[in-house]
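Let's take a friendly walk through this model, one region at a time. Have the viewer open and follow along.

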Amino acid sequence: MTSFLITMGIYFFIDLILVLSANLQLGLMGMANLGFVLFLGIGAYAATIFSIGPEPANSLQQYFFGVALPFPLPIILAIICGMIGGLLVGLVSLYRMRGHYLAIITLAILTICSTLVEGYPRFLGGSNGLTGIVQPLSSLTSSYNGYQLIFLGLSGVLCLAVFIFCQRFIHSPLGRMAKAVRENETAVTTLGINPFRVRLLATVCGGGMAALSGALLAEYVTAWGIAPWSFTEIFPATAAMIIGGRGNNWGVALGTFMTYVVVGQGLPFLPGVSSNPELGYAIQWIIYGVALVAFLWFRPSGLLPEQKGRWKHAPEFVPATMSSASDLPAAPSVAEQVAEEGAHSHDQ
Amino acid sequence: MTSDAILEVEDVSCAFGGVQAVDHASLTIDRGSITGLIGPNGAGKSTMVNIISGHTKGQEGRVVFAGQETTGLAPYQVARRGLIRTFQLSSEFPNMTLLENMLVAPRQVGTKFWNAMFRKSVWNREEYALLEKARHLLVEFGLYKLADEYAGNLSGGQKRLLEIARALMADPTMLVLDEPMAGVSGVLIDRLVDHILELNRSGLTFLVIEHDLEVIDRLCENVYVMAQGSVLAYGPMYELRQNESVLEAYLD
């Protein structure tokens, strides 16, 4: 049971990183960039290639390059590859595409990449995928349970770092600017903001985060291929984000817990499902679909909606307002406003 | 005359397909003035504003703002030089509060990635100074009790007020208002007119496009009249009312 909980925790952290990446682009900026699964794959392949070592002479596995770098390097390089991928995709698509055009082009790029990998097995193992990925820090302990704990700690720390990163991003003037780009792109340009720069920044950061998630996933499972790298992965991540609350990191965490852990991992406990994995899989997709439609219909802002920006009142504000506003001709209700604000300023 | 011109539009043309929206039109706006731009529908007023603000690229001519050529610059680059415009349709950020709307406008150190992530102490001080300014502006515009309300919940007239207040947060030297009174009635029109006059007294230059000629009369010393893409006449409103060609353009 403990081992099961640890596994669930590891998956929660890995999936949360991916959903946070989706949230930064779709939730905060409203960019229908479905490429986060592409960057997930880039990260997973990069982490594999940089940790697996050179291709053995007479092996069934085929891949190019292949080096065995020590622990933090494969993950760091995976993040960098994801960011570069994000930059390239952003440069190609963001300049002109919006809305569903952007969604289509990012889907197309994902399909091109997975077809390329599948059709050219010497490149990254083709449809057989790659196995035997070296797990990070595996030299520290030889026991299975011990290593599970180490990986839980590793993914937890990285997930926390990503979460803090997203919190700082969203709750800064930069995040406010990003939100404004989502709300009205034309209006933003008349205030001296270059929307392209903000979108590109979010895509690069999102690419790096998704790649980190992919790297951890590949290293945990010790295998990676095109099968898990499918556009169907977009769906649960988007569902988690919408159920939890677009633009709210805590909501995203809650949504990830609901979709990936409660539904994804909890279903096998139901009687009848445990003996029939296909049934569980089908039920899972039905629940995702129904929940997504229900939330978009009845509660589009999710369980924990995006927060309003709130600031503490400067203590000297009210008197300053009175004096400066008293000589203005066109503010008939200053006294009222200030009085009213004063009355409920305590609850802020 | 040209020495105190803040905005010069020289011989600008712009065609969309076969439609010549602006046809060799020139304008000069004096620093510190409130200039009107009127004309019947399809006269090219909005295209003219779009060329000035960089939202449309003209095919000919040049735009000079504050002594520097801005022809062909992107809208955000024009805005950074101090020329801020508003839109015919109000363009608030609906799912952000009024205060958040206001704080998007000024250039802040906290919008740089590195500062936003790692130097909160640097941008926080600036943020609070701007917050103070935003609150004062909201009080002036009679929107303060709605400060934490979503901008999308405001009435049409309040959105207009917010838009102008937000533009002021960016410290403009010139404001171009594209039909600021559209969808605004009665008392709010008076309020907006008073605000514009007050701001002008403090040194802000305005170019106002408006269909409501009475408002133009109250605001502007001089008015440009456009018709069919060209500038037809320029002068104070009482002169234009006697101008044959202007009357003709409006009757057509």
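Two strands are said to pair if DSSP finds at least two bridges between them; strands (E, at least two residues) and helices (H or I, at least four) are DSSP runs, numbered from the N terminus. This is a predicted model, in which local features need pLDDT of at least 70, side-chain atom pairs count only at pLDDT 80 or more, and totals for chains, interfaces and linings use all residues. Residues are numbered from 1 along each chain as its sequence is written, while chains are lettered from A and ligands numbered from 1 in the order in which they are written.

Begin in chain B. Strand 4 (residues 60-65) of chain B runs antiparallel to strand 1 (residues 5-16) of chain B, with 5 bridges joining them. Here B:Glu8 has B:Val64 as its bridge partner. B:Val64 also stands opposite B:Glu69 in strand 5 of chain B. Strand 5 (residues 68-69) of chain B pairs with strand 4 of chain B in the antiparallel sense over 2 bridges. In their hairpin, 2 residues lie between the strands, and B:Ala66 takes a positive phi near 50°.

Now look to chain A, where A:Gly27 belongs to helix 1 (residues 2-27). A:Gly27 counts as buried because 28 other C-beta atoms lie within 10 Å; the cut-off is 20 or more, with C-beta atoms placed from the backbone. Beyond its neighbours within four places in sequence, A:Gly27 is in contact (C-beta atoms, placed from the backbone, within 7 Å) with A:Met241, A:Arg246 and A:Gly247.

Finally, the two chains meet: 43 residues from chain B and 38 residues from chain A take part in the contact. Helix 5 of chain B gives the most to the side of chain B that touches chain A, with 9 residues.

Technical notes. Buried ≥ 20, exposed ≤ 12 C-beta atoms within 10 Å, placed from the backbone.
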